[in-house]
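Welcome! Please take a moment with the sequence and the 3D view below, and then let us walk through a few parts together.

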Amino acid sequence: MITINEHYLKLQASYLFSDIAKRIAQFQTAHPDRKIIRLGIGDVTRALPQACIAAFHKGVDEMAEDASFRGYGPEQGYDFLRQAIAENDFQAYGAEVSPDEIFVSDGAKCDTGNIQELFAQDITIAIPDPVYPVYLDTNVMTGRTGAFVDGRYQGITYLDSTKENGFVPALPTGKIDLIYLCFPNNPTGSTITKEQLRLWVDYARENKALILFDAAYEAFIRNDSLPHSIYHIPGAREVAIEFRSFSKTAGFTGTRCAYTVVPKSCLAYDRAGNRQSLHAMWNRRHTTKFNGVSYPVQRAAEAVYSPEGKRQVRELIDYYLKNAAIVRKTMTDLGYSSIGGDNSPYIWVECREDSWKFFDMLLHKAGVVCTPGAGFGRCGQGYVRISAFNSPQNVKKAMEKITVALR
Ligand code: PLP
């Protein structure tokens with residue numbers, strides 16, 4: 001008899017985006033003439049930068065000729081891309097990362113989800129609340145949690161991100177082995193300072209723990225006193241793995257390219273307490289289970305680092321940040337407390353009532369779709385996430401409608 005991995009049965013069905021879709025469909029059936037503006041889902045809306053498109057086309061053309069055709073590439077990514085990443089995303093900012101510590105992949109979702117394979121079953125894990133659900137669900141699937149009780153999985157230490165702590169969780173009081181952090185944060189849009197991040201790195205060093213640092217929204221950081229990478233913090237190379245993605249940086253959500261940095265000095269331990277190299281383990285895992293990102297896509301990603309690519313990416317991010325500023329100002333003017341939107345595409349708005357009630361009210365009165373914060377965890381209750389991923393025209397119109405609805 002073929003039996004299943006019963007840990008899957010513990011998973012809570014992710015109702016968030018399907019519930020949102022259902023409520024929108026009901027609204028549209030009842031009001032077919034009302035236009036809806038979507039500021040809900042975290043997907044980009046603008047085309048790829050021209051520099052990426054040109055490189056993408058060229059890469060495809062190379063695949064059309066026997067002389068320049070490429071078959072399987074290196075699983076870890078082509079040297080041209082790993083080199084460009086190391087130089088531009090790390091060394092240029094003074095962070096020590098070498099090309100062979102970079103593993104190119106088809107998404108930060110897969111990498112943040114797959115990395116937990118490297119760790120023992122009985123480790124202690126801390127996960128933020130609210131949270132990008134992949135960190136939690138992949139540990140549930142593997143059986144590192146108990147049942148889902150009162151809105152939380154047993155066996156997980158939740159790191160509450162609240163108004164009181166500025167949406168940067170406090171260090172755990174107990175001993176944790178694996179810590180997930182995400183800054184700029186999805187869904188709250190909060191950022192972490194170097195001083196705050198240093199506390200986490202110090203905690204990890206003292207406790208022989210590991211930090212999984214998701215920096216998928218790094219490109220939105222405009223305040224240069226904020227850390228662009230965890231490797232700006234002294235000692236982080238021994239205790240942190242960092243995830244980056246071209247998805248939000250350069251509109252690659254549908255094109256797929258990301259990377260994970262595993263420093264050669266990053267350590268974990270076997271049962272006997274001997275040091276083991278996570279770089280060697282991830283390299284083994286990646287080369288065994290992954291066969292590389294396609295050549296034209298890696299060429300398109302490389303173009304992000306060309307002079308024109310850098311300019312176009314900056315324009316792209318500025319475009320969304322301008323939208324975010326409009327959202328933040330409107331909500332502030334309306335008397336709503338919020339965070340994010342300045343170094344992030346997300347604005348986390350305290351709605352002073354149930355998240356879903358506020359969502360319904362915005363949909364019905366303003367025709368605007370946001371994301372109820374409660375869908376990201378218990379601490380998200382009473383908040384909604386408004387996304388800047390739309391056109392300025394739509395964002396302005398949405399804010400006019402919200403202003404009328406909430407006044
Ligand atoms: N990490 C965070 C925090 C995200 O919000 C997302 C996507 O929304 C991802 C990772 C996934 O990125 P990718 O498109 O590279 O899989």
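Pro 184 is found in the loop that runs between strand 7 (178–182) and helix 6 (194–207); helices (H or I, at least four residues) and strands (E, at least two) are DSSP runs, numbered from the N terminus. A cis peptide bond, with omega about -10°, joins Phe 183 to this Pro 184. Pro 187 lies in the loop between strand 7 and helix 6 as well, and the peptide bond from Asn 186 to Pro 187 is cis, with omega near 15°.

This is a predicted model, in which local features need pLDDT of at least 70 and side-chain atom pairs count only at pLDDT 80 or more, while totals for chains, interfaces and linings use all residues. Residues are numbered from 1 along each chain as its sequence is written, and side-chain values use heavy atoms, with hydrogens and water left out.

Now to the ligand. The table lists polar contacts, that is, pairs of N or O atoms within 3.5 Å.

| Side chain | Ligand atom | Distance |
|---|---|---|
| Asn 186 | oxygen | 2.8 Å |
| Asp 214 | nitrogen | 2.7 Å |
| Ser 245 | oxygen | 2.6 Å |

Taken alone, the ligand exposes 400 Å², and the protein buries 90% of that; accessible areas come from the Shrake-Rupley method with a 1.4 Å probe.

Four strands form an open sheet in the order 13-14-17-16, with antiparallel pairing; two strands pair if DSSP finds at least two bridges between them. Strand 13 (338–340) and strand 16 (371–372) are the edge strands, each pairing on one side only. Strand 16 and strand 17 (residues 383–387) run antiparallel and are joined by two bridges. Pro 372 stands opposite Val 384 in strand 17.

Asp 150 is found between strand 4 (148–149) and strand 5 (152–153), and its phi is near 50°, a positive value in a residue other than glycine.

Notes: Polar contact = N/O pair within 3.5 Å; in protein donor to acceptor, adjacent residues only side chain to side chain.
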